[in-house]
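Let's take a look at how the pieces of this protein pack together. Have the structure open as you read.

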Amino acid sequence: MPFVLYLLGLAVFAQATSEFMLSGLGPDIAQDLGVSIPTAGWLTSAFALGMIVGAPAIAVLGARWPRRRTLLVTLAVFLAVHVVGALTPDFVVLLITRILAALANAGFLAVALATASGLVRPDAKGRATSVLLGGTTLACIVGVPAGALLGSSFGWRSAFWAVAVISLPALIAILRSVPARGTGPTTIGRFRVSRRLGVLLLLGALVNGATFCSFTYLAPVVTEVTRLGVSWVPLMLALFGLGSFVGVTVAGRYADRSNHLGALVAGGILLLGWCAFALTAAHVVPTVVLAFLQGGLSFAVGSTLIAYALYAGAESPVLTGGLATAALNVGAAAGPVLGGLAIGAAGFRGPLWVSAALVGTALCVAAGSVRLVHREGPG
C-alpha cells in the first residue's frame, strides 16, 4: 500500500476522534459555556447531521476539482474550525464549528475513499478502504480515551487543539504526495445509482446501525447487566475497538476477491454473535469475548460492504464515496436512537437485540438480492 494512504488514514483518525470524543467532554463544555448538558448534546447531533448531508453534497461540488485540492480544502477547513472551537467562549459559535467540521469531514472521507481506490491497483480497493477505515477504529482505541484524558487534565479545549495538531501532518502529506490531477473517472452528469449499489449502501447502513446501536450502550450493559464496576467500561470499549481494528485489517485482505460468500458467512456469524451477546450478557467471560469478536465482525462486514460499493460505483468513485459515507452515518445516527427506545421497552439488553434484528434484516435483504449483489464483483 502507498505510504500516503496511511497519512490519509491519520486524517481519518483525527476526524473520527473529533466525532466521538464529545461523549466524554459534554459535561465540561456545558459547565464552561453555561449551557445544560442536554443542550451540549446538540453538538453531537449537529455533527451527525452534517456528516449525512455533507458527504454526497460536497462530493458533487468537489467532483470537478482535482482530488488533491478537495482533500486540502476540506482538511484545512476541518483543522481551522477546531482552532476556532478551541478559542471560542460562545456555545452558538462552537455549534457552528461542529456543523462545519462535519461537512468537511464528510467531504474529506468521500474523496479520500475515491482517492485511495485510485492510488492502488484496480483489484485492491478493499485493502485501500481498510487502511482508511482503520483510522476510525484506532480512534475508538486510542483517540477517544486520549481526548477524555486531555479533557480531564487540561480542559476540553485541549482535546480540540490536539485534533488540529494531528491533522497538520496529514495536510502537509496530501500537498506533497497526492497527485495534483484526479485519479480515475469523476463522471457526475451520467451517474445513476444502480440497484446493486443501492442494495450495498442499504446493507452498509443496516450493519453500521447495528454496530453503533450496541457500542453506544455498551457501558450500561457492562455495569447494569454484567454487573461489573465502572472501571471495566474503558477496557470493554477498548476491546471492542481493538476487535474493530483487527476486523478491518483482516477484511481488507479478502474484500477484493470476487467470491462474496465469505461476507455472507461473516454476516451470519455476526447475527449469531449479537444473539449470543444478548443471551449471555450477565456473564463476564462471554461479555469479554463477544465485545472483542463483535467489534471485529461488525467492522469487517461493514468495511467489506463499502469496498463492494466502490467497485459497483466505479464510474464515479467520488460520488460513490460520498454516498457510502452518508450511508454509514445514517446507520450511526439511527442505531443509537433505536437502541435507546429498546432500553425503555426491554432493558439494557435491548440494544443487543436491536443489533441482531438490524443484521438479520441486512441478511434478508442480501438473500433477496443475492444475484444482484454478486454480479460484477471485484476481481
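This is a predicted model: local features need pLDDT of at least 70, side-chain atom pairs count only at pLDDT 80 or more; totals for chains, interfaces and linings use all residues.

## A helix tucked inside

Start with helix 9 (residues 218–225): six of its eight residues are buried, so the rest of the structure largely encloses it. Buried here means under 20% relative accessible area, using a 1.4 Å probe and protein chains only. Helices are DSSP runs (H or I, at least four residues), numbered from the N terminus.

Which residues of helix 9 are buried? They're Leu218, Pro220, Val221, Val222, Thr223 and Val225. Their cover includes helix 8, helix 10 (232–251), helix 11 (261–280) and helix 14 (350–368), with contact meaning heavy atoms within 4.5 Å. Just past helix 9, Arg227 has a positive phi of about 65°.

Residues are numbered from 1 along each chain as its sequence is written, and side-chain values use heavy atoms, leaving out hydrogens and water.

## Two helices crossing

Now find helix 10 and helix 12 (residues 284–312). Their axes come within 7 Å and cross at roughly 35°; these axes are lines fitted to C-alpha atoms over the stretch in contact, with angles from 0 to 180 degrees between N-to-C directions.

Among the residues that meet are Trp232, Met236 and Phe240 in helix 10, and Phe292, Phe299 and Thr304 in helix 12.

Definitions and conventions. Buried means under 20% relative accessible area, exposed over 50%, partly exposed in between (1.4 Å probe, protein chains only).
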